[in-house]
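Please keep the sequence and the three-dimensional view at hand while reading.

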Amino acid sequence: GEPAPVRPADKKNNDDKNIRRRVYDALNVLMAMDIITKDKKEITWRGLPGDQDFQDIGLGSMNMISGLSRSQRMQKLEEERSLREEEVKKKKACLEELLVQNVCFQNLLGRNHGMEMQERQTRDVAARPKLEKIPLPLIVVNTNSRAVVQCEMTPDRTNVNFDFSLPFEINDDNQILKRLGMNYTSREALQRSLPRELYQY
């Protein structure tokens with residue numbers, strides 16, 4: 001006899017099996033080439049041969065985690081996010097400190113300029129106030145009043161050696177200006193001296 005005719009449903013099932021078989025073959029080839037990894041039903045892209053070159057030039061942050069499972073990738077991304085947030089936090093604190101220094105220096109310039117104007121407006125030379133400008137840079141070293149301090153200086157005055165019998169403290173010019181209250185200013189003064197993008201800091 002003649003062969004039985006192929007019904008449409010049977011043809012569709014055969015086509016699906018052929019497609020599935022070809023997909024499995026392709027996946028096996030990709031896994032053999034270490035381009036992908038397969039964990040149950042989850043398939044992870046590892047990268048084409050030669051992708052390591054991109055990692056070497058700094059483009060491999062995503063490539064380095066592409067061969068991990070989804071949970072591992074999420075963990076890596078969370079760690080990366082935490083590191084970035086910590087970097088942003090440190091840079092923000094550094095920026096805030098620089099802005100405070102700028103305010104201190106602006107106030108110091110204003111103080112010195114005001115004292116110069118006061119001196120010029122005083123006609124009587126004998127009555128003129130003695131200018132006490134604060135030079136920069138500077139450091140202030142302080143210790144207990146009972147401490148014994150030995151100081152040695154090189155002949156060219158470029159090197160000074162201190163020996164304290166008790167603990168001591170060293171403050172730079174920024175710390176001293178803060179103690180003098182020069183780290184405060186008005187909003188109007190900030191708007192005149194800073195770009196608009198920095199107001200929030």
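How many residues lie between strand 1 and strand 2 in the hairpin that they form? There are two, and K40, in the turn, has a positive phi of about 60°. The model under discussion is a predicted one. Strand 1 covers residues 36-39 and strand 2 covers residues 42-45; the strands run antiparallel and are joined by four bridges. Within this pairing, D39 stands opposite E42 of strand 2.

Several residues of helix 4 are buried, namely L99, V103, C104, L108, N112 and M115. The cover over these buried residues includes helix 5 (173-179) and helix 6 (187-193).

Two cysteines may be contrasted. C104 counts as buried because its relative accessibility is 0%, where buried means under 20%. C151, by comparison, has a relative accessible area of 46% and is therefore partly exposed. The structure holds zero disulfides. A disulfide is a covalent bond between the sulfur atoms of two cysteines.

Aromatic rings complete the tour. The whole structure contains two aromatic pairs. One of them is formed by F164 and F168, which are stacked, with 4.3 Å centre to centre and 20° between the planes. F164 counts as buried because its relative accessibility is 18%, whereas F168, at 45%, counts as partly exposed. Together with F162, the residues F164 and F168 form one aromatic cluster.

Conventions
Residues numbered from 1 in each chain as written. Predicted model: local features only at pLDDT ≥ 70, side-chain atom pairs only at ≥ 80, totals over all residues. Heavy atoms only, no water. Buried < 20%, exposed > 50% of the residue type's maximum accessible area, 1.4 Å probe, protein only. Contact = heavy atoms within 4.5 Å. Pairing = 2+ DSSP bridges. Disulfide = S-S within 2.5 Å. Phe/Tyr/Trp six-rings, centres within 6.5 Å; stacked < 30°, edge-to-face > 60°.
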